Amino acid sequence: MAEPLRPFRLRGCAGPQKFGVAAGSLRGLLRKGCRLLQLPLAGSRLCLYEDGTELTESYFRALPPQTELVLLGPGESWRGCASDIERLLAAFCSQQGAVVEAARRLLTDERAPHRQKLLADLVHNLSENILAENKEDDKKWFEGLESRFKNKSSYLRHSCESRMRGYMREVSGFIPNVHPAARDAYRGIIDLMADKLKSVKYNGCYFDRREEEEAARLCTAEGWFSCQGPFDRDDCPCKHSINPYSNRESRILFSTWNLDHIIEKKRAVVPELAEAVKTRDGREVNWEYFYQLLFTLDNLKLVHIACHKKTNHNLSCDKTRIYRKRKQAYEIS
């Protein structure tokens, strides 16, 4: 007995037009589809539109009616709906200059403020040069910067290094507030922290999109950064995001974002470090714990200036991690 006919939505991989085709078997659907799209039956095959899974007869029988399928001719491939997105982006990029020019012409005649803003944002976003890395490929991005910066990552890496050096200066500047008897020990810890910072190049990789694995907690490979504050909520309520690699204006605006300490540097971390050195009483201060709080993403969040919580965070250091056990030396008898 013939299988009952079931309807499906069928399309080729070269265009978005869809056709309604009914069939009771995979072979029957393939034969009808090839006639409809004028493809040779030999070497053609059917797959799911959603993820590109190639159909077998048993898989076909389990499909619900109206499933969207793609008919592939010999040598054609389909990677799921991502294939449509790729084709759309490719077509858009090839016409991007024309789109920007058309938007600019409309903007010159537009009087409504809201539409002016939308058009201006469109021109701004389409004019970005996010993928360009070197100075010769995006000279406008480097306007106002020192000539020594030859690529975008080197400048943003330098900016992060400058922030870290600033934090270290604040830690060093606290020495007059440390008990006189503990100042030498405090300076010794500063030296250890400075050596560690130098060994990791002042954590500049956090803002270098070429260091993808190291930077993954802050940004994507394309360079997008998201606001991670305020601290008393799950995330940024305004969904602030920025790509400082895109254009000069974004690069300048990004400099106003704060790399803020969750457990506050001035109110909590540095005073706790000074107190730990003063009251150590033969114990070893766990300087690496304080280093993590001062200079790493364990205690730093990237925050849009509007989301920077300037009031007291009311957070303190973990008392159980301030000291650590000294390593014992065992004699071999």
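1. In this predicted model, Trp 141 and Phe 142 are both buried. A search of the whole structure finds 9 aromatic pairs. In one of them, the ring centres of Trp 141 and Phe 142 lie 4.9 Å apart with the planes at 65°; because planes over 60 degrees apart count as edge-to-face, the pair is given that description. Trp 141 and Phe 142 also belong, together with Phe 149 and Tyr 155, to one aromatic cluster.

2. A further aromatic pair is formed by Tyr 291 and Phe 295, with 5.4 Å from centre to centre and 50° between the planes, and this pair is tilted. Helix H11, residues 287–295, holds both Tyr 291 and Phe 295. Tyr 291 is buried, as is Phe 295.

3. Charged side chains should be read alongside the rings. The charged end of Lys 196 sits over the ring of Tyr 291, at 5.6 Å from the ring centre. Tyr 202 has the charged end of Arg 165 over its ring, 4.0 Å from the centre.

4. The sheet deserves a separate point. It is an open sheet of 4 strands in the order E2-E1-E4-E3, with mixed pairing. Strand E2 (19–23) and strand E3 (45–48) stand at the edges; each has a single partner strand, so one side of each is left without a neighbour in the sheet. From one strand to the next, the twist averages 45°.

5. Which residue of E4 stands opposite Leu 46? The residue is Leu 71. Strand E4, residues 68–72, pairs with E3 in the antiparallel sense over 4 bridges. Helix H1 (residues 26–37) packs on this sheet, where it touches strand E1 (6–12), E2, E3 and E4. The direction of helix H1 makes about 145° with that of E2.

6. Is Cys 227 buried or exposed? Its relative accessibility is 7%, and buried means under 20%, so Cys 227 counts as buried. The residue is found in the loop between strand E5 (225–226) and strand E6 (241–242).

7. The surroundings of Cys 227 complete the note. Apart from neighbours within four places in sequence, Cys 227 is in contact with Cys 236, His 240, Trp 257, Leu 302, Val 303, His 304 and Cys 307. Between Cys 227 and Ala 306 there are 79 residues of sequence separation, and the C-alpha to C-alpha distance is 10.0 Å.

Technical notes. Residues are numbered from 1 along each chain as its sequence is written. This is a predicted model: local features need pLDDT of at least 70, side-chain atom pairs count only at pLDDT 80 or more; totals for chains, interfaces and linings use all residues. Side-chain values use heavy atoms; hydrogens and water are left out. Two strands pair if DSSP finds at least two bridges between them. Helices (H or I, at least four residues) and strands (E, at least two) are DSSP runs, numbered from the N terminus. Axes are lines fitted to C-alpha atoms, for helices over the stretch in contact, and angles run from 0 to 180 degrees between N-to-C directions. Contact means heavy atoms within 4.5 Å. Rings of Phe, Tyr and Trp (its six-membered ring) pair if their centres lie within 6.5 Å; planes under 30 degrees apart count as stacked, over 60 as edge-to-face and the rest as tilted. Buried means under 20% relative accessible area, exposed over 50%, partly exposed in between (1.4 Å probe, protein chains only). A charge sits over a ring if NZ of Lys or CZ of Arg is within 6 Å of the ring centre and within 35 degrees of the ring normal.
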